[in-house]
Amino acid sequence: MSLSVDIEKTYGTFHLKAAFTVTDGVTGILGASGSGKSLTLKCIAGIERPDRGRIVLDGVTLFDSEAHIDLPPQKRRVGYLFQSYALFPNMTVKQNVLCGLHAVKDKAEKAHIYGETVRMLGLERLEAHMPHQLSGGEQQRVALARILVNRPKLLLLDEPFSALDPSLRVRLCVEMREILKGYGGPSVLVTHDRDEAYMLCSEIATADAGRISAPRDTESLFARPKTAAEAALVGIKTVLPATFADSAHISVPALRVTLETIGPVHEDLCAVGIRADGFAETADGFSATVADVLPTPDGRLVLLRPCGGEGLLYWDAPAPWTLPVGGTVTLGVRPSAVLPLYQDD
Amino acid sequence: MKRIVALLLVLLLAVPMTAACGSKNAEEITLTVFAAASMTETLNEIKTMYETAHPNVKIVYNFDSSGTLKDQIEKGAECDLFISAGQKQMNQLDITASKEVNPDGLDFVLDGTRVNLLENRVTLCVAEGNDAGIDSFDTLARKLKEGGVLLAMGNSDVPVGQYTQKIFQYYGLDEDALRKSGVLTYGSNVKEVTTQVKEGVVNCGVIYCTDAFSAGLTITDYATKEMCGQVIYPAAVMKESKHPDEAKAFLDYLFADEAMAVFMKVGFAPVQ
Amino acid sequence: MDWFPLWNSLRIAAIGSVIVFFLGILAAYYIARLPRVLKGVLDVVLTLPLVLPPTVVGYCLLLIFGPKHPVGAFLSTIGIRFVMTWYGGVLAATVVAFPLMYRTARGAFESFDETLAYSAKTLGLSNTFIFWRIRMPYCRQGILAGIVLAFARALGEYGATSMLIGYTPGRTATISTTVYQLWRTDDDAGALFWVLINLAISAIVLLAVNLLERRNGWRKRV
């Protein structure tokens, strides 16, 4: 089963352009707030209407601006898990979930699907509760149950963990993996958290100021982000303008050095990303002054300003750290931590 | 931009308010005349004539049922001259009247200014195209007993309503019984009754002949003296008036030939 | 004892409230979806009876439904009369109470969390189901307030009612027109009696509404 999306929508100065295809498995859309990820989901679900384009799910055209097709959400068979879960506050958990089964006429079948899903999501104790009596995690499970009994062809998850305690996230991610496996159909998960994306998604599309890229394999995206936007999303904090030196070297004007990297480097290089754990003190390298030292639970993040030019370097420095702010240090970079970055097309 | 437009609209509303509080000429005095609703058209015409002849006098009218006007005077409304459509309301304000007709002992009438100004006649008018075959007071009395018609009359606080009640008594009709059978509908003043007849929302109404003339209604029948007595309109200057002389002057003018001509044109008659 | 004004006022207020309830919520629902300019214009027009003096409203109704005017004349040919009948009382009550229901419902609907509707749509639930089983229960407080206001306004309507249907004992008399007439004809005892009746009705209605509101326990914000 596959979903193909090719849409554009303009909202004042914001311009959304998304073109990608999704097959079975969990595809993520990773992007900062306001980058257009939720808007894309809403267009797929039929809650928002794109200005032009086509959306086709499992051979059924959900939207086609040329052919004037725009199926109402009721007919799209797309399940949508909202950030706020959207449980109906005037109904019990059981009534909420049964809403998802409204189309099933056979009572036995209805009871069977309901029972199965309630068991799968561990909702037995909660059936008579009202939504406001549930914790965030419980509400999410109820919302999922309601969607899953509805047997959607596609599952859309809008920042499913952003409203929940960070300490529970790992456990919830694990549970979600099981649920999504049990669901078996294609899902699109939208988030700004790279850890969630990495844990749950086999492919990830990046969202940057309204442009949604084609999905890439998760591991390769994180290992080798190709653009400055991708680098920022996967957690590379140090990004500097750079030019092509040769197929294994990148010239970085701000550092006044040429960095070695694992090739091949292409000529249309425009920037370089450096992993925070890639710096080390050396005798000959480039010098930088310490701008700030940020303590973190696992160590410290040192912000440095290169002596040769503009920019900030972020270094996951090891203990012990003795240099004060203002002190100078000479640094080198490990080639495997140097990432060539190209223009977004 | 929106705020400017909104502000302009509010200011626009303020203009009529300021215009209304116009400057007062030092010489100019305002006479407030409370008069029965049935005198509306005639008194308005006379006002134009009087103000032209006396530019320093401005006349302001309050037309309503005499009962309402008497209430307002009693409660302290500013009034220089009161013209009632019946003796009852004037009696209630006149200390020289007997205790029977002035039970509260009210003293609003300025001594020596009370006169009988006009005589009117009570008439029956039917609605055009909806008259239920009523062609006289006799027929009306019969149809009221039978039911199925709707008669508009003034309520018991309105002089013309009181006259209608007298007509009921003359024909031996029980007003309560008529009320119960739903053939009566009450107006708060004679203009209301006239409008209902004119608009055809009732079959017929009992009003003064002057109202019928003014509204262009055809009079179907006149009430006789036996049915409801004489309809006399008394007038008097009020004790609380701040301009008693000017009020008296205006009252005198009402007896003048040119004013009487206006009254007689619509069916009033000077009191014999 | 003529109890007609009580029965008449109650039936006019009740029927008027029911009509206003449906018209009000449907208008509030559909107009909220219109483009901004049209929505603004309709808002003004539909709120007019609220800000106009009731006598002005009554006069306008007479201009339309009087037997000598086009609409009224046409309606009387098919046997419908609003002037001088209790139907006119319902008409007057509906017109003056409508803006109260409409604006209260608009406010209530605007506070509705649309994601609930979106979520319901993606589950395949029909728009009708969403309106009556999700939106209306959510907005229950506001809608109830609107109904109370509308009923109170309809019950207490005097100006437009008096002009449109007059005072015909046994046929069109309402509590408010009766009180006025009794006062005008110096029947203070009678007037006071009806005043107390009206107070009693209003107190009972408000009490009932209060009880209804308290039974509603669930909070909206989950």
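1. The lining of the largest pocket draws at least two residues each from α8 of chain B and from α3 (54-65) and α9 (159-165) of chain C. Helices here are DSSP runs of H or I with at least four residues, strands are runs of E with at least two, and both are numbered from the N terminus. The biggest contributor to this lining is α8(B), with five residues.

2. A word on where the numbers come from: this is a predicted model, in which local features need pLDDT of at least 70, side-chain atom pairs count only at pLDDT 80 or more, and totals for chains, interfaces and linings use all residues. Residues are numbered from 1 along each chain as its sequence is written, chains are lettered from A and ligands numbered from 1 in the order written, and side-chain values use heavy atoms, leaving out hydrogens and water.

3. How big is the largest pocket? Its volume is about 560 Å³, taken as the space filled by probe spheres set on grid points joined across faces, edges and corners. Among its 20 lining residues, E192(B), T195(B), L62(C), S162(C) and M163(C) are the closest to the centre. On a 1 Å grid over the protein atoms alone, a pocket is an open set of points where a 1.4 Å probe fits, with protein on both sides within 12 Å along at least five of seven lines; lining residues have an atom within 4 Å of a point.

4. By residue type, the lining divides into eight nonpolar, nine polar and three charged. Ala, Val, Leu, Ile, Met, Phe, Trp, Tyr, Cys and Pro count as nonpolar, Asp, Glu, Lys and Arg as charged, and the others, Gly among them, as polar.

5. Now the contact of chains B and C: 22 residues of chain B and 16 residues of chain C take part, with contact meaning heavy atoms within 4.5 Å. The two chains bury about 1,700 Å² between them, 43% of it from carbon and sulfur atoms; this is the accessible area (1.4 Å probe) lost on being put together, summed over both. On the chain B side, R179(B), E199(B) and V201(B) lose the most area to chain C, together 27% of what that side buries.

6. Two salt bridges link chain B and chain C, one of them between the side chains of D157(B) and R184(C) at 2.6 Å, N to O. The rule asks for a side-chain nitrogen of Lys or Arg within 4 Å of a carboxyl oxygen of Asp or Glu.

7. Finally, chain A and chain B share no contact, and their closest C-alpha atoms lie 21 Å apart.
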